[in-house]
Amino acid sequence: MSLRPPFDSGRRRSTQWLLALAGMPLVAAAQGSYPDKPIHFIVPQPAGGTGDTVTRIVAQRLSARLGKAIVIDNKAGAGGTLGATAAARSPADGYTIVMASPGFATFESMFPKLAFNPSAELMPVGMMGSVPIALIVRADSPFKTVAEFVRHAKANPGQMMYASAGNGALSHLLGAWFASEANIDMVHVPYAGTAPALTALISGQIAIYFDPMSGSELLKTGRVRALATTGERRTSMLPAVPTMIEQGYKVSGSVWLGVMAPAGTPKPIVERLNRELDAVLQEPEVRQLLEARLVFPDPMSVEQFAKFFAKESQIWNKLVRDTGIKVE
């Protein structure tokens, strides 16, 4: 059964955000005086990871444009909910923002007991960029296309294993979506991060992995091979590799990195942050630094990011509920 969901609830959520944005009281002189003190930028991931590195690159230039320091605060843990909750509980004055990622779009279903809902307690500011994802196999794998893998998996139900970077990780969600879309029975094997998942793939312990291009060096050296990418269109990194959609499987997604603020942050401040963020992403040096880390800048307006996040939330929360994925 396909898990491609309708987007009615996503449209309702984005409409609520847009109405909230339009209805916020305009704070007198907010644009003229903001910011007049350092900004607290929460990163709900450990230092040194892609999200943290990208945030620091962007924050350095954003600080220069705003004329005030931006302090990075790594609050990792609990699947990203620790940092997200801290941001949501902060004053809605523009002096606390948080790096958002696909995990934010699954909090509602992945952590049903969590007393926090990003859709209600955080609001979109803008997008920083996204990382393409490739469905990869070992270089000596007999599968040259997704269809070949699907045929083999159907002939051998329950015997093909796919890796993830952990329960609830995007690689887990994509694998579950693929299994449902292709109507195949695969075994999910979670690992403690991408590096051990790639090691398991190379050693032949598992058959496939939805990799956020962390294995790009392995692709270059020919140790792994990409069967597909999961974008809506082909990535410039692998122009000869067709998407999952092109091959007949409605599975798509990327590792995106955005910026959110506590709900109720004044509209002029949110719009100022969005404009400056977009200007930063247009700087050639910033684009070069991000693309060197396989992150492609993707500026959006506040409204565009609101609609994007609402759609992501609808897709991934439905997937989690339909497949019964749990974070253990």
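Q: How much space lies in the largest pocket?
A: In this predicted model, the largest pocket holds about 1100 Å³ of space.

Q: And which residues lie nearest its centre?
A: The lining of the largest pocket is made up of 41 residues, and those nearest its centre are Gln 45, Ala 165, Ala 169, Leu 170 and Val 255.

Q: Which helices and strands supply at least two residues of that lining?
A: The helices are α3 (50-66), α5 (107-110) and α8 (170-182), while the strands are β8 (208-211) and β10 (255-262). The largest share comes from α8, which supplies 3 residues.

Q: How do the residues of that lining divide by class?
A: In the largest pocket, 23 lining residues are nonpolar, 17 are polar and 1 is charged.

Q: OK, what about the second largest pocket, what volume has it?
A: Its volume is about 850 Å³, and its lining consists of 32 residues, with Thr 230, Gly 231, Glu 232, Arg 233 and Ser 254 lying nearest the centre.

Q: Which element gives the most there?
A: That is α13, with 5 residues of the lining of the second largest pocket, and β4 (122-131) also supplies at least two.

Q: How many charged residues has that lining?
A: The lining of the second largest pocket has 8 charged residues, together with 15 nonpolar and 9 polar ones.

Q: Switching topic, how many cavities of 30 Å³ or more does a search find?
A: Searching the whole structure turns up 1 such cavity, and about 40 Å³ of space lies in the largest cavity.

Q: What lines the largest cavity?
A: Phe 41, Leu 62, Ile 97, Val 125, Val 259, Leu 273 and Leu 277 line the largest cavity, and by class this lining has 7 nonpolar residues, with no polar and no charged ones.

Notes:
Residues numbered from 1 in each chain as written. Predicted model: local features only at pLDDT ≥ 70, side-chain atom pairs only at ≥ 80, totals over all residues. Heavy atoms only, no water. 1 Å grid on protein atoms, 1.4 Å probe; cavity = no way out; pocket = protein on both sides within 12 Å on 5 of 7 lines; lining within 4 Å. Points joined across faces, edges and corners; volume = space filled by probe spheres on them. Nonpolar A, V, L, I, M, F, W, Y, C, P; charged D, E, K, R; others polar. Helix = DSSP H or I, 4+ residues; strand = E, 2+ residues; numbered from the N terminus.
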